Amino acid sequence: MVTRDDRTDGETRGERVPPADLQAFAVQLRRMNGEVNRLVHTFAAAQGLHPTDVQALGAILDADEPMTPGRLREHLGLTSGAVTACVDRLERAGHIRRSRESTDRRVVHLHYEAGARAAARAFFLPLATAAEAATARFAPEELDAALRFLTALNEELGRDGAR
């Protein structure tokens, strides 16, 4: 069986994958990343923010539990000073608010403001519309497979060794 360390182009986990298929995935992932980055940069400019600030907003929005500046620093891979500046910009622009955790006043939680969330939702509506149109082309089991692939890819990329 071919292991991760043994594989060559086109081999993965004991199965042969034609290099063209891997190349096609790479091309489409780069294209999608470019389109999303274009939207993020346009939104950031329209809001007077830095693209990293928009990444921070996404992290706050997607967090399973209240986001803290420390967790945001780890997620974005920034220094504590850079995260403080980012959070300050987001708060000044009305996108987030800070709140102190009630039992330990040292803990700060970051919350996405409802009005700012609505503005982002309106701006990114074309992305949601495109995603809805694209998903309509596929059967539910195909979408399940695509979601499993994206989840697995993100897990692999999130491993310390992949950074």
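**Grounds for the descriptions**

Mentor: The model is a predicted one. Residues 24 or more positions apart account for 40% of the contacts in the protein with a separation of 6 or more.

Trainee: How many helices and strands does the protein have, and in what order do the elements run?
Mentor: The protein has seven helices and four strands. Read from the N terminus, the order is β-β-α-α-α-α-β-β-α-α-α.

Trainee: Why is threonine 52 called buried?
Mentor: Its relative accessible area is 18%, and buried means under 20%, so threonine 52 is classed as buried. The residue is placed in helix H2. Leaving out residues up to four places away in sequence, threonine 52 touches Leu76, Leu78 and Cys86.

Trainee: Why is proline 51 called partly exposed?
Mentor: Proline 51 has a relative accessibility of 21%. The partly exposed class lies between the buried limit of 20% and the exposed limit of 50%, so proline 51 counts as partly exposed. Proline 51 also has its place in helix H2.

Trainee: What does proline 51 touch beyond residues up to four places away in sequence?
Mentor: Proline 51 touches Val40, His41 and Ala44. Proline 51 and asparagine 37 are 14 residues apart in sequence, with their C-alpha atoms 8.5 Å apart.

Trainee: What makes leucine 78 partly exposed?
Mentor: The value for leucine 78 is 26% relative accessible area. Buried would require under 20% and exposed over 50%; leucine 78 is therefore partly exposed. Leucine 78 is found in the loop between helix H3 (69-76) and helix H4 (80-92).

Trainee: Which residues are in contact with leucine 78, its neighbours within four places in sequence left aside?
Mentor: They are Thr52, Arg73 and Val83. As for threonine 52, it and leucine 78 are 26 residues apart in sequence, and the C-alpha to C-alpha distance is 9.7 Å. The contact rests on heavy atoms within 4.5 Å.

Trainee: How do you know that histidine 95 is buried?
Mentor: Histidine 95 has a relative accessible area of 2%, and the limit for buried is under 20%, so histidine 95 is buried. Histidine 95 lies in the loop between H4 and S3. Among the residues it touches, not counting those up to four places away in sequence, are Phe43, Leu57, Leu90, His111 and Tyr112.

Trainee: Why is strand S4 called largely enclosed?
Mentor: Strand S4 covers residues 108-112, and four of its five residues are buried, so the strand is largely enclosed by the rest of the structure.

Trainee: How do you know that S3 and S4 pair, and in which sense?
Mentor: Pairing needs at least two bridges; strand S3 (residues 96-100) and S4 have five, in the antiparallel sense. Arginine 97 has histidine 111 in S4 as its bridge partner.

Trainee: Which residues have the most contacts inside the largest nonpolar core?
Mentor: The core has 24 residues, and those with the most contacts inside it are Leu57, Leu72, Leu90, Ile96 and Leu110. Helix H1 (19-47), helix H2 (51-62), H3, H4, S4 and helix H5 (114-123) are the elements that give two or more residues to this core. H2 supplies the largest share, five residues.

Trainee: Why is this core said to lie between domain 1 and domain 2?
Mentor: Both domain 1 (46-111) and domain 2 (115-162) give residues to the core, so the core lies between them.

Trainee: Which residues does leucine 110 touch, not counting those up to four places away in sequence?
Mentor: Leucine 110 touches Ile60, Met67, Thr68, Pro69, Leu72, Val87, Ile96, Arg97 and Arg98.

Trainee: How many aromatic pairs does the structure hold, and which residues form an aromatic cluster?
Mentor: The structure holds four aromatic pairs. Phe43, Phe123 and Phe124 form one aromatic cluster.

Technical notes:
Residues are numbered from 1 along each chain as its sequence is written. This is a predicted model: local features need pLDDT of at least 70, side-chain atom pairs count only at pLDDT 80 or more; totals for chains, interfaces and linings use all residues. Side-chain values use heavy atoms; hydrogens and water are left out. Buried means under 20% relative accessible area, exposed over 50%, partly exposed in between (1.4 Å probe, protein chains only). Rings of Phe, Tyr and Trp (its six-membered ring) pair if their centres lie within 6.5 Å; planes under 30 degrees apart count as stacked, over 60 as edge-to-face and the rest as tilted. A nonpolar core is a set of buried Ala, Val, Leu, Ile, Met, Phe, Trp, Tyr and Cys residues joined through side-chain atoms within 4.5 Å. Domain bounds come from an automatic or database domain assignment.
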